[in-house]
Amino acid sequence: MRKIIAVLLCIAMTAIAFAGGANEKASDTPKLTMMFSSGGAGSSLTAAAEKFGELKGIEVEALTFPISEVYEKQILALASNQATPDIIAIDDTWFPVLKGYLEPLDIDPAINEAFVPSYRDAFVDEGVQYAVPVRMGGEVILYRTDVFEENNIDPDSIKTWEDVLAVAQQLYDPESDTYSWCGGYNEPAYLVMNWLNILSGYGVDAFNADKTGFAFNSEQGIKATKTFVELTKCASPGILSYGYNEEIEAFQNGSAVMGELWTARYAAVNKEGLPYTGKFAVLPITPIGDGAGTEYGVDRVNGWGLGINRNCKNKELAEEFLEFVGSFEEQKRLAVEYSNSPVVEAVFSDPDYLEAVPVADDMASAIAHGITRPMHVRWQEMEAAIAAELQRAIIGQVTVEEALAAAEETCMGILED
């Protein structure tokens with residue numbers, strides 16, 4: 001209890017500090033405040049905020065915290081009707097909860113129409129836009145070109161998830177510490193993201209059409225999940241503890257030769273001076289699954305958007321910042337200099353970005369039919385329940401059928417609560 005109280009006090013003090021900034025004299029220079037998740041998102045978005053401040057001659061305060069703290073601090077400030085932070089960082093799965101606290105946007109059409117459509121649509125509800133995408137991507141299938149060539153594997157022959165599995169099984173060689181599948185699997189969000197990509201490839205969504213129930217515990221859902229489980233058998237025994245850092249290291253040191261990788265992580269995998277630099281390529285498609293009934297697979301895109309606190313005192317300036325960070329010029333700069341995952345379509349074919357990320361065109365092709373992750377105010381709880389059952393299926397405690405039935409039962413309880 002004392003720990004909980006201490007955390008709440010810390011969050012409250014942060015909100016008060018932000019509120020204090022909003023009560024400065026009206027004659028003072030305008031100021032924008034915001035907070036970002038530490039790591040790649042924080043470094044790139046902070047760089048954009050600092051440049052905007054320099055260009056406008058204003059003070060910009062950008063603080064970084066672990067992702068859970070960003071959510072907690074923002075939701076407390078918003079629910080308390082605080083005027084700050086002015087800019088609200090939104091992980092796509094937070095959108096259903098945060099949208100009611102955000103100012104509807106009127107973004108310059110020239111900027112808005114340049115976004116990857118699925119990225120922009122992640123922050124639109126009933127035709128109203130509440131945020132602009134600023135750092136988003138999808139899971140693409142990365143592979144080692146030299147390993148494919150040595151084993152006479154034509155990447156153009158890989159069209160389905162069954163093809164992916166067959167290649168993974170062919171290349172699996174644990175005796176030489178070579179694992180043919182890899183991914184970030186350690187947290188519920190990472191594990192479920194990889195599963196959702198395969199699930200969507202089989203023509204299955206998490207929810208049914210009107211979100212009164214679920215669609216994953218179906219014949220196609222079971223088939224997709226069996227493919228997912230079989231792929232993990234071609235991965236390192238420690239795959240369930242892999243986050244993005246472990247995945248990147250596995251590709252860098254050669255122990256992983258194929259897997260799903262979030263687009264922004266490619267630059268780290270292909271970092272100059274490493275043994276396999278220049279030997280990584282990306283499939284230009286997201287595979288379909290047997291019986292999907294579609295012509296293409298569906299990638300679940302995800303990432304960050306920025307919105308405006310509805311109580312913000314500098315809304316016009318805040319919207320200028322959103323247009324600035326979402327512009328082609330700034331998105332290109334952040335992509336080239338900070339390895340940001342760009343949200344503007346034209347950046348993917350820009351020569352400077354292609355020099356930094358040679359597979360950018362293939363990435364754009366792979367995510368062309370992307371859709372957002374499931375949107376529901378309690379999705380994170382459902383995601384945790386699904387992840388727990390998927391883990392049990394992966395380690396062989398239960399069958400896939402048992403895992404999905406249990407996950408559906410738990411998720412229905414959350415949905416009906």
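Predicted model: local features only at pLDDT ≥ 70, side-chain atom pairs only at ≥ 80, totals over all residues.
**Second cavity**

I started with the lining of the second largest cavity: 6 nonpolar residues, 2 polar and no charged ones. The names I wrote down are Tyr179, Trp181, Cys182, Ser236, Tyr242, Ala250, Ser255 and Ala256. Its volume comes to about 30 Å³.

**Largest cavity**

How many cavities of 30 Å³ or more does the count give? I get 2. The largest cavity has a volume of about 40 Å³. I listed its lining as Glu139, Val140, Ile141, Trp161, Asn197, Glu260, Ile285, Thr286, Pro287 and Asp299. Strand 7 (residues 139–144) gives the largest share of that lining, 3 residues. By class I noted 5 nonpolar, 2 polar and 3 charged residues, whereas the lining of the second largest cavity has no charged residue.

**Largest pocket**

Next I went to the open space. The largest pocket holds about 910 Å³. I found 33 residues lining this pocket, with Ile67, Asp91, Glu187, Tyr190 and Trp304 nearest its centre. Which elements supply at least two residues each to the lining? I have helix 2 (40–56), helix 3 (67–79), helix 9 (188–201), helix 11 (244–253), strand 10 (300–308) and helix 17 (379–394).

**Aromatic pairs**

I searched the whole structure for aromatic pairs and got 16. I looked at phenylalanine 52 and phenylalanine 324 in detail: their ring centres are 5.5 Å apart and the planes meet at 45 degrees, so I logged the pair as tilted. Phenylalanine 52 sits in helix 2 and phenylalanine 324 in helix 13 (residues 315–325), so this pair ties together parts 272 residues apart in sequence.

Then I checked phenylalanine 95 with tyrosine 130. This aromatic pair is tilted too, with 6.1 Å centre to centre and 50 degrees between the planes. Phenylalanine 95 is in helix 4 (residues 95–98), while tyrosine 130 is in the loop between strand 5 (128–129) and strand 6 (131–137). The two are 35 residues apart, and the pair links distant parts of the chain. Why do I call them buried? The cut-off is under 20% relative accessible area. Phenylalanine 95 has 4% relative accessibility, so it counts as buried. Tyrosine 130 has 15%, so it counts as buried as well.

I also wrote down one aromatic cluster, made of Trp195, Phe207, Phe214, Phe216 and Trp379.

**Lysines over rings**

Phe207 from that cluster came up again: the charged end of lysine 211 sits over the ring of phenylalanine 207, 5.5 Å from its centre. I found a lysine over phenylalanine 65 as well. There the charged end of lysine 73 sits 4.7 Å from the ring centre.

**Whole chain**

Last, I looked up the overall figures. I counted 18 helices and 11 strands. The C-alpha trace spans about 70 × 50 × 40 Å along its principal axes. What radius of gyration does the chain have? I get 22 Å, which agrees with the value near 22 Å for a compact globule of 417 residues. Buried residues make up 54% of those 417.

Key. Residues numbered from 1 in each chain as written. Heavy atoms only, no water. 1 Å grid on protein atoms, 1.4 Å probe; cavity = no way out; pocket = protein on both sides within 12 Å on 5 of 7 lines; lining within 4 Å. Points joined across faces, edges and corners; volume = space filled by probe spheres on them. Helix = DSSP H or I, 4+ residues; strand = E, 2+ residues; numbered from the N terminus. Phe/Tyr/Trp six-rings, centres within 6.5 Å; stacked < 30°, edge-to-face > 60°. Buried < 20%, exposed > 50% of the residue type's maximum accessible area, 1.4 Å probe, protein only. Lys NZ or Arg CZ within 6 Å of the ring centre and 35° of its normal. Rg over C-alpha atoms; globule rule 2.2 N^0.38 Å. Nonpolar A, V, L, I, M, F, W, Y, C, P; charged D, E, K, R; others polar.
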